[in-house]
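Good morning, and thank you for coming.

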Amino acid sequence: MRTTLILLASLTFAQAPGPVKVIKQSEPEKALIFEVTIPAVRAAVWNAFSTSEGLSTWLTPGAVVDLRAGGEWTAHFPGGKTGGGTILSFVPQQEITIASMAPEQFPTVREQRTRAKFAFVAKGEETVVRLTQTEWKSGEEWDKAYEYLASGNAQLLETLRRRFVNGPIDWQKEWGISK
């Protein structure tokens, strides 16, 4: 795989072959920006993102969504690891903002959290999902988490896209576990 890096002002576009566009932004605010087109109407994509049942079709079979400010948006992975965060706000079928937990290997970032805003834009029979992750702080651990999540969140959105291309994830086939 060939990755092309183009530096333009304060933006770095890291576009690997594949459907998810990744932008690393340093100014005016450090951010990771991802965009993917999902081959499904917005209501279906919103349901896959905003309900426990929907999230369990593509993220992990143990997903929990409590769709309210202060509610959880959490993936419970095999082996006891968790991901996701706390819902800060949402506008049905338009956006959801989460105080996002970093993976366990970044304990300070996990505790202090970043802000992940997912926007859903209807484009006929397709939906553009745009994730903007902000509130990055300075320091080595923060820099490592930023780089890790630049690829990790691209994979997250690719999995969402794959769910609509191929149908719900078969967890027995994917991870050798049942729902």
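Which residues of the largest nonpolar core touch the most other members? They are Trp58, Trp73, Ile96, Phe118, Val129, Leu157 and Leu160, within a core of 42 residues. A nonpolar core here is a set of buried Ala, Val, Leu, Ile, Met, Phe, Trp, Tyr and Cys residues joined through side-chain atoms within 4.5 Å; buried means under 20% relative accessible area, exposed over 50%, and partly exposed in between, with a 1.4 Å probe and protein chains only.

This is a predicted model, in which local features need pLDDT of at least 70, side-chain atom pairs count only at pLDDT 80 or more, and totals for chains, interfaces and linings use all residues. Residues are numbered from 1 along each chain as its sequence is written, and side-chain values use heavy atoms, with hydrogens and water left out.

Helix H4 (140-166) is among the elements giving two or more residues to this core, and its ten residues are the largest share. Helices are DSSP runs of H or I with at least four residues, strands are E runs of at least two, and both are numbered from the N terminus.

Consider Phe118 next. Beyond its neighbours within four places in sequence, its contacts (heavy atoms within 4.5 Å) include Phe49, Ile96, Val129 and Leu157.

Helix H4 also holds Glu147. Is Glu147 buried or partly exposed? Glu147 is partly exposed, because its relative accessible area is 43%. Lys24 lies 123 residues away from Glu147 in sequence, yet their C-alpha atoms are 9.2 Å apart.
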